Every structure is written in structure tokens, then in C-alpha cells.
Amino acid sequence: MIDSKALDPKFKLEIAKEPGGEHITRCFSCGTCTAGCPVREVTDRYNPRKIIRMAILGMKKEVLSSQFIWLCSSCYTCFERCPQDVRIPELMNAIRNIAVREGYLPPAMRIQLDLLSSFGRLLEITEFESDKRKDLHLPSIEAKTEDIKKILDHLGCRREEKTEG
Amino acid sequence: MGVGVKKKPKDSPFTAEYVLFLGCTVPVRAVNYELSARKVAERLDIHLGDIPEFSCCGYPIKSVNHYAYLLMAARNLALAEEKGLPICTLCSACCGALAEANHEIQEDKNLRKRLNEDLSKVLGKQYEGETRVTHFMRVLEKDVGEKRIASEVQTDLSSLHLAPHYGCHITKPTTVYGRVEDPENPTSLDRLIQMTGAHTVSYENKLQCCGGGVLAIDEGVALSMAQSKLDHIQARQADAMVLACPFCNIMYESNQKKIEKVAQKEYKLPILYFPQLVGLALGIEPDDLGMKMNRIKTVELLKKINRRAA
């Protein structure tokens, strides 16, 4: 049951201000996104039409604290098919960006942030990889870049500020 | 812009010139992709330069902080701009992430200004929006072309029946890539496979996503998505799957054993990177294409074309 007093009618406007979330209010709930969604095909925990509806209704806390907003695989199938050009994968990212700012960062994403901050890459180039490249006569690559840490620090994307989602 | 046509300096002896963008996955988990792409490029007079300072494209952080993603992408784009060369990626997600960021930066003057203020303050860099981004598959398709590749074929691959897997970020979003081909009915990879003389196999739900995008969040969901495609391809008895993205490969090759265990069945479906296939057709030795590094063994497949890895 939805408690209308607990709804935040401004939530959709907050999302619309976020890069990627601009088209949220165009959604007329046709369900084209959900019908063609490859994630929805294997689990009913992800349902883009439902998430967008919840967001438009103002169910801010339920949406931001949910795991389902993280289940979009960014395949862009719905992006291409949506008759209202809601740009759902970008919209999901906009909602996720807000969720992170509100303190809901999934552990998996925190690990990725740590790795990017440490190496500038998701997968570390160890001595093993560097030696292998030499053996195979492949050009060497910089195993570690400080630049990404500098970017993340500059923007305040530090892991200790975040809590689990 | 997104995926473009040939661009090279006027006095270049090459068919095309790019800087190769490896991203995170290729140098650690898909060296066979890199090796085969470089060999094929060399054979077809495509110069792939290198920038050791390239980092992650920025894609993983897009969902956490959009602006941080743009800065990471812009840093990579700026490094290529300094060299005056377009970027060629092997990973489709890198291609999408860099092309999308580029599109946003090129379209929005105010955003570009803000990004440049930060780039200059934090890293002492500037990005003017001049770098083009494309994928190695588009380079073969657009710059080299079917005729040239077909004319260079040396090995008969007509005994092979192969299932193309396009993945998502090679055709979509069309707002960034333009309509290089119909995202609901792409044909480029089919044509590339046919160019080598091999046959393509059509199968149910061909455009299905590999699930890689949710692997870190929910492994079960991701593996179910990948399993469904392996089932559909197995039903058509293809000799192998051919793909163009190292992350799709993680789902279908690196995780194939795991999926077999969960599904209680056997696939043993070899997964080829498209330059491995093109390389075989061009007569390049399997070892030089990194065939030995394929986790699902390709021995049977190579036997079919009278080849073998050492």
C-alpha cells in the first residue's frame, strides 16, 4: 500500500535536474522498456516501468535504497525503443548518482571506486602482466596512474564518505 | 563522431591511423584479442599507435558520479587529441563510454568549459573536443572494407559455422553513434564473418545482452542472461561464437564453466574474437593470434580448417 503522505512530489524534478534524468516526466508507462528488457527476462526484481512509476509518484526512499536500480545492464535496448525517448539507461544512472549522494553505494561499486583510485583501472596490471607483454612483444603500458585518484579526490568521491546500500 | 570513416594524415603510408585504446579488461584478460587485432591491423596496413598513459575509460564510475566519468573520459580523449589521432577501441563498452562522453562534451559548450577548468586545475590538461572514437570492428568494416579483406583471404574457412554475438555497445545508443546500422537488425559482424568465407548461424534472441553490466552487482542474474544465449547457440550447433567485446567474452568464455555447473550441462563452445577469425582467414598462424590463450579450446575448430596451434 502506498502512503500518499510519505511521497515526495519533488523527487521527479530532482531527477530531471540530474544529467541523464531530464526526460523522466515524459514516461507514460507503456511498458515497452520492460517488455524488451533482457534483465527482466531472467528476474522480476528488475522492472524499469515500475521503477520509473515509483520515481514519478515520489517514492524517493524506496527507489534510492533499492537494489533494483543497480540491475540495469545498460544494454540500451529500451533506450532505442522507448516511444517517449525517456532514455532509461541514462535515467537509471541519474537515479544511481542521487542514491550514492544520499549514502546508498553498493559494496561492489565501492570496490570499483577503490580500484580506480589505486590503479586508474579496474584490473591491476601486475608484474605478471607486464612481463607477459614483454615476452609477447606488446608495448608496455603504465601500470598505475595517479591522475584518476586526483580526479576522484578533487570531486570528493572518497570511499570513506559512503555507506552501504 | 562516434564511429567514423577513414581519417589519416595526408602523408601517411597507412590505410588508416589510430591510437589503440585497451581499457581495463583487454591487457589482463584478453591478450589474445589484443595480439590478434594488432596482427590483423599490421597485415591490412592499419597503424595502431599506443599511449601508455591511457587509463580506464570511465564507464564503471558513470553510475556513481556522472561528472567524474566525464573527467576520466575527457582525460583519455585529451591524450589522443595531443597526438592528433582518433581512438580505436577493442572493448565495446569503452567505445560507448568514450563516444558518449565525447558527444556530451562536444554538444555542450558550458560543460566543456567546466570540464576544462577542472582538467587544467587537476591535471594540467585541456580537451577541445577534437578526438574521434571508433571500434576496431568499424575500422575493418569502414576503413578497410569487405573487398580488401575478401581479396586477402588465404585460408579456406568454409567448413566453419559461426554464431555472431554483437553485444550492445557496438550499435547503441544511436543518438551517439548515428545510425551506422539498424540496432534491431545489425549485419556488420555477419558480413565480416562471411567475408572470411565462414558461414554464419542465426539463432534465437541473437541481440540479447551478455549480462556483463550487472555481473558485479548480481552474478546470478548475469550468468542467467549469458546462459540463455549459450543455450540458443548450442541448439544451432555452431562451431564457435564470434564477438567483439572483452566483457562479453568474460560472460561467455571465462564464466562458461561456472554456467555449465549451475545449468548442469556442457557447452564447450569456443569463443573467438573477430580479429582471431579474420587473422585465420588471412593465413596468420594460430599462435600469433593468441589461439592458445582461448580458455575454451579451439583444437577441434582449427582441425576443421587444417590448422593447429603449437
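**Reading the terms in a predicted two-chain model**

Modeller: B:Gln264 counts as exposed, with 6 C-beta neighbours inside 10 Å. This is a predicted model, in which local features need pLDDT of at least 70 and side-chain atom pairs count only at pLDDT 80 or more, while totals for chains, interfaces and linings use all residues. Residues are numbered from 1 along each chain as its sequence is written, and chains are lettered from A and ligands numbered from 1 in the order in which they are written.

Colleague: Why is B:Gln264 called exposed?

Modeller: A residue is buried if 20 or more other C-beta atoms, placed from the backbone, lie within 10 Å of its own, exposed if 12 or fewer, and partly exposed in between. B:Gln264 has 6 such neighbours and therefore counts as exposed.

Colleague: What makes the phi of B:Gln264 worth noting?

Modeller: Its phi is near 55°, a positive value in a residue other than glycine. B:Gln264 is placed in the loop between α12 (256-263) and β8 (271-273) of chain B; helices (H or I, at least four residues) and strands (E, at least two) are DSSP runs, numbered from the N terminus.

Colleague: Is B:Asn205 buried or exposed, and how do you know?

Modeller: B:Asn205 has 12 other C-beta atoms within 10 Å, so it is exposed. B:Asn205 also has a positive phi of about 55° although it is not a glycine, and its place is in the loop between β6 (199-200) and α10 (219-235) of chain B.

Colleague: What makes the peptide bond from B:Lys172 to B:Pro173 cis?

Modeller: The omega of this bond is near 0°. B:Pro173 lies in the loop between β5 (161-165) and α8 (174-177) of chain B.

Colleague: Which residues is B:Phe274 in contact with, leaving aside its neighbours within four places in sequence?

Modeller: Two residues are in contact if their C-beta atoms, placed from the backbone, lie within 7 Å. On that basis, B:Phe274 is in contact with B:Met137, B:Leu189, B:Leu192, B:Val242, B:Leu243 and B:Ala244.

Colleague: What is meant by a nonpolar core?

Modeller: It is a set of buried Ala, Val, Leu, Ile, Met, Phe, Trp, Tyr and Cys residues joined through C-beta atoms within 7 Å. The largest has 151 residues, and those touching the most other members include A:Ile95, B:Val242 and B:Phe274. Helix α3 (residues 66-83) of chain B gives the most to this core, with eleven residues.

Colleague: How many residues does each chain give to the contact between chains?

Modeller: The contact takes 47 residues from chain A and 45 residues from chain B. On the side of chain A that touches chain B, α10(A) gives the most, with six residues.
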